[in-house]
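Here's a quick tour of a few spots in this protein. Have the model open while you read.

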Amino acid sequence: MTERIRQLKQFFVIDKAHHATRFQSQDEYALAEHFKQKGLNDLERATQRLTLMMAAETPLLFPLERIVLTRRNPTVPSLFTKAELDRIKSTHKLHERGEVCNISVDYTMLLNRGLRDRRSELTISAAAFAKAGEKDKADYLTMQVEILDALQDLCNRYREQAIREGRQEIADMLTRVPMLAPRTFPEALQMFRILHFAMWLGGNYHNTVGRLDQYLYPYYRADIDAGRMTKESALEWLEEFFLTFNRDSDLYPGMQQGDNGQSIMLGGLNTDGSDSYNELSELCLKASLELCLIDPKINLRVNHNTPLDVYVLGSELTKQGLGFPQYANDEIVIPALLAYGYEPRDAYNYTVAACWEFIVPGRGMDIPNIGAVSFAAAMQKAVAEQLESTTNFDALLTAVKNNIHQQVLENVKAVQNLYIFPAPFLSLMMDGCSDSGRDVSLGCRYNNYGLHGTGIATAVDALAAIRKYVFGDQSITKTELLHALERDYAEQDGLLAKLRFDAPKMGNNDPEVDDIAVALMDAFADSVQGQINERGGIFRAGTGSAMYYVWHAANLPATADGRHAGEGLAANYSPSLFARLKGPISILQSFAKPHLTRLCNGGPLTLELHDTMFRNEQAIQKVALMVKSFMDMGGHQLQLNAVNRDTMLDAQRNPKDHRNLIVRVWGWSGYFVELDKEYQDHIIKRMELAL
């Protein structure tokens, strides 16, 4: 890391000195009242909000920076008043905030062309639609022109400010972009910053970065080949670019600070079977390694031919405690997407959404986190209602499968009549939307919904215990177990210990346990298959949990694995929090057994490794081999966390001493001391493993 980058990191990330330049927060609903009084429709509101947000920004340049645009207005106004939102909710379902979010646009649709060229096309198309009597489409394209003009005006103001301050390098760059297509790698980085900045101003959030090493590689390669840049100078530009993701991230909506969707996907197979991992992919990993910041989150596509050196570099990143890279196995994910109906070119071009869900850049309006199924609740309901009358384990297992099916049907019903706000700027970077005068909120090439699945280990462990002790050796009677569950194991310490610590657990490579996991997850996939949403898309089952692992645990009674009522479920696709396991290898073996191509909405096996596991090069090599082993076994997705329980406990006591302690929460990483204590405690409870 150069001294300039070190100083920029100190200024923007550690000291957050630029926060002092922000404007005062405004009433979130004031603009909506104005919209209401003027009688504006949804699209007019979305357009005016974005253009007004751009106009409100006052250019500000900081010492040492070369990539500019820093948000000063902290308030993104609501499109609707509170009363209007209540009316919408009374007749429609709003997903999250109602905004288009958690998708990956095709940045090249503007990045590789420039605003002037795109504006000209829109103007011509608007005139053609108007001549054909299609006024709505003509008006839509005209509003997109207004947005591009406002964005160019913002950048012109920055250029003029740079000229006034004698910052010629910045002024020269903004003379070219965004009006014209970039010619160099630095110009392409600045162009991306402009587009990404505008997306956040428009109220659209969880804007994933996508396959940056692919669409920016031509600019990098051209500069290297022409001698305009070295790998070292490119790395410095890339590190400053990565710093821009951390400037305004506290203003982005999310469950916690860090949950902002700024995810990058690196590498991946091409349709001809070759690997797209390149020099820029490696530089991205190195930049993240040197900066040690929570943004952007790094994802890495791998396959059976991925060199071990790549896994080693990824493990070096994990060693820093960043909670990434998150690995995705092309040999599982691509066939799964093809089976879901994605075209080959799109299946091979997949990236991830904000956390881990597999989506397609520029062509997918998928909502991959629209609901969730609780395996643990399906199991607990079957045990509470049917264990006493059930004559054999298979009958109980069938009851659990039926409950899973019922939950799927409830989720499908709950997401009907969806209301999504327009996103005219994002639509400019979505294939087939803008040219046809159609907003992306109305749908795109793919309009699939994803359902998470939580508590698989809890469900499996409970059923394995019942099979062994109730239907097997009969050392526990049905009455005894049900009574203990009803009383949350009060005065049943012996039974609690037996179920909690002695009973079989998922993660020990035990066929008697793992076959239950396969059965339950197949039941989830079977229940989802054939379900069609109102936008003509399918439902995809997944192994992720998102925040549902907290919500689903809160009201879940005691379970037969020795878990107390309300006690936490594991995050994502992971062993129980209190399971006694042989080690990480047995976990990999257990969790690779289910038919993961059928549950490929996304959701990583998540493991916590004690930070001493990364003490030297030999240890890091062992971790890299472990990751490769899971992929070779048929695992679909993996994230590893280097953790230390004592360090986290001290951070709770002395947060000022651990401001830069980073942990993986579920599909994102955050600063430990900035998390709510509920999330801190859950992370501390997760197991620390050693090879």
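Let's start with Gly 670, which sits in strand S12, covering residues 669–671. Strands (E, at least two residues) and helices (H or I, at least four) are DSSP runs, numbered from the N terminus. A heads-up: this is a predicted model, where local features need pLDDT of at least 70 and side-chain atom pairs count only at pLDDT 80 or more, while totals for chains, interfaces and linings use all residues. Residues are numbered from 1 along each chain as its sequence is written, and side-chain values use heavy atoms, with hydrogens and water left out.

**Gly 670**
- Gly 670 counts as buried because its relative accessibility is 0%; buried means under 20% relative accessible area, exposed over 50%, and partly exposed in between (1.4 Å probe, protein chains only).
- Between Gly 670 and Leu 69 there are 601 residues in sequence and 23 Å in space, going C-alpha to C-alpha.

**Cysteines**
- How many disulfides are there? The count is zero, taking a disulfide as a pair of cysteine sulfur atoms within 2.5 Å.
- Cys 355 is in no disulfide, and its nearest cysteine sulfur, on Cys 101, is 11 Å away.
- Cys 355 is buried, since its relative accessibility is 8%.
- Cys 444 is in no disulfide either, with the sulfur of Cys 433 the nearest at 3.9 Å.
- With a relative accessible area of 15%, Cys 444 is buried.

**Ser 586**
- You'll find Ser 586 in helix H25, which runs over residues 584–591.
- Ser 586 is buried, because its relative accessible area is 7%.
- Setting aside neighbours within four places in sequence, Ser 586 is in contact with Gly 507, Asn 508 and Asn 509, where contact means heavy atoms within 4.5 Å.
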